Amino acid sequence: MAGNRAVVYTGPGKVEVSDIDFPGLVLRDGPGVNPRNVGRKCEHGVILKVVSTNICGSDQHMVRGRTTAPSGLVLGHEITGEVIELGRDVEFIKKGDLVSVPFNIACGRCRSCKERNTNVCLNVNPDRPGSAYGYVDMGGWVGGQSEYVMVPYADFQLLKFPDKEQAMEKIRDLTMLSDIFPTGYHGAVSAGVRPGSTVYVAGAGPVGLAAAHSAQLLGAAVVIVGDLNGERLAQARSFGCETVNLSEHANLGEQIEQILGVPEVDSAIDCVGFEAHGHGHGHTEAPATVLNSIMEVTRAGGRLGIPGLYVTGDPGAIDNDAKVGTLKIRFGLGWAKSHTFVTGQTPVMQYHRELMMSILNGKAQIAKAVNATVISLDDAPRAYQEFDKGAARKFVIDPHGLIK
Ligand SMILES: NC(=O)c1ccc[n+]([C@@H]2O[C@H](COP(=O)([O-])OP(=O)(O)OC[C@H]3O[C@@H](n4cnc5c(N)ncnc54)[C@H](O)[C@@H]3O)[C@@H](O)[C@H]2O)c1
Ligand SMILES: [Zn+2]
Ligand SMILES: [Zn+2]
């Protein structure tokens, strides 16, 4: 049997590349696997040879020790690969197909899946609705920052690229379909972005940059990206965004007024989440900052897209309330302005096919927007460190050296 190597979380601040089991069409016991998922048969699944698998800001929450992720957890939920083995019940996906895997795991059979809310599938995680590969509290499905990975419910979940050769040419873009491109796009759609909109995007990490590019694709008149990291803001300017450096300017509304002539936008998107910092010099962590500031700067009747992740348990939080996910949000302001809030995991399958078509037909340049940077599996621990320091890059692991 072939071996398998993977990126494994070994404790706060630490990841290693280790040997792990070659996947089978069953969910075996291991670190983070929910006892009620152990032994679960997956004849509806496939084994993929991983072609590309990206490091995400969501992984960093675990690696920074800000979750209850156990040591030994195999990381990775952004997976693109080639099918090398089929379960008995797989009917339509074939060996050799090159596919994008939605980071949410979804059965295709429950009420949520039938309503296209694959982000809260009821059958894949015994603890709560919703699941993902290589993630704490998500049922224990083994992560895909590895050479090989098992993907269940293959016929339902996998997005097959129509032409393998063409797909390999555009793999730096297509690899973003497993998470951040749909996530940024979902943020923009749920914030009501349309032609002529003015948009504020909080965060210039890969998700923020994907949201900014998505807002452009949706026809926004002006896209303003805010962050405390100058290098990431320069990346946002490289594809036509306006920027606000929040470590230099504490008042976001004033900065928006300088750009738009008014201190408010039509739509705002939180691409930061619970590890948000406050604004201004000497900023420290202040988890409700982005939620409160987007309520302030979004017009009455506007919509707030909130893909940024908020947790129900954070051992490293700044106070006891935040340790259980209770934040000091000025909800009265949002109520007074009749704001609509859209939160949660992205239902990737609602968007990935259309965004694939935009990539394949040259309409979307997501790899350029997020500065996709291809690395080997062995380089992953270094990339985790650089990404944690705020590198203006989206790291794409190429475990088999297949990307030109
Ligand atoms: N909803 C989903 O399905 C989904 C999917 C993917 C990622 N996410 C989440 O989206 C968030 C962003 O992901 P990422 O990969 O870009 O992470 P990232 O950590 O690379 O980027 C976050 C950025 O926010 C900046 N920031 C901190 N405080 C800020 C503030 N007050 N205002 C503006 N910017 C601020 C940081 O400097 C950093 O550049 C994370 O919370 C991640 O978990 C959610
Ligand atoms: Zn992700
Ligand atoms: Zn389901």
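User: What are the protein donors of the zinc ion (ligand 2)?
Analyst: Cys 56 (SG), His 77 (NE2), Glu 78 (OE) and Asp 179 (OD), lying 1.9 to 2.3 Å from the ion. A donor here is an N, O or S atom within 2.8 Å of the metal (3.2 Å for Na, K and Ca), and water is not among the atoms, so a site may look incomplete. Keep in mind that this is a predicted model: local features need pLDDT of at least 70, side-chain atom pairs count only at pLDDT 80 or more, and totals for chains, interfaces and linings use all residues. Residues are numbered from 1 along each chain as its sequence is written, chains are lettered from A and ligands numbered from 1 in the order in which they are written, and side-chain values use heavy atoms, with hydrogens and water left out.

User: What arrangement do the four donor atoms around ligand 2 make?
Analyst: Tetrahedral, because the donor atoms subtend angles of 92 to 129 degrees. The rule is that four donors are tetrahedral if all angles lie between 85 and 135 degrees; four are square planar and six octahedral if opposite donors are over 155 degrees apart and all others between 65 and 115, and anything else is irregular. For reference, the ideal tetrahedral angle at a metal is 109.5 degrees.

User: Are His 77 and Asp 179 buried or exposed?
Analyst: Both are buried. That means under 20% relative accessible area; exposed is over 50%, and partly exposed is in between (1.4 Å probe, protein chains only). Cys 56 is buried too, with a relative accessible area of 3%.

User: OK, what about the zinc ion (ligand 3), which donors does that have?
Analyst: Cys 107, Cys 110, Cys 113 and Cys 121, each through SG, at 2.3 to 2.4 Å. The site is tetrahedral, with angles of 100 to 119 degrees among its four donor atoms. Along the chain the donors follow C-x2-C-x2-C-x7-C. Cys 110 sits in the loop between β8 (98–101) and α2 (111–114) and Cys 121 in the loop between α2 and β9 (148–151), so the pair ties together parts that are 11 residues apart in sequence. Cys 110 and Cys 121 are both buried.

User: New topic. How many salt bridges does a search of the whole structure find?
Analyst: 17, each being a side-chain nitrogen of Lys or Arg within 4 Å of a carboxyl oxygen of Asp or Glu. One of them joins Asp 388 and Arg 64 at 2.6 Å, N to O. Asp 388 is in helix α15 (residues 380–388) and Arg 64 in the loop between α1 (57–63) and β6, so the pair ties together parts that are 324 residues apart in sequence. Asp 388 is partly exposed at 38%, and Arg 64 is partly exposed at 35%.

User: What does Arg 66 form a salt bridge with?
Analyst: Glu 285, with the closest N and O atoms 2.7 Å apart. Arg 66 is in the loop between α1 and β6 and Glu 285 in the loop between β14 (265–270) and α10 (289–297), 219 residues apart. Both residues are buried.

User: Which residues are linked in a network of salt bridges?
Analyst: Arg 64, Arg 66, Glu 275, Glu 285, Asp 314 and Asp 388.

User: Backbone check: what sort of phi does Asp 137 have?
Analyst: A positive one, about 60 degrees, although Asp 137 is not a glycine. Asp 137 is in the loop between α2 and β9. Asn 371 also has a positive phi, about 55 degrees, and is not a glycine either; its place is the loop between α14 (366–370) and β17 (372–375).

Terms used:
Helix = DSSP H or I, 4+ residues; strand = E, 2+ residues; numbered from the N terminus.
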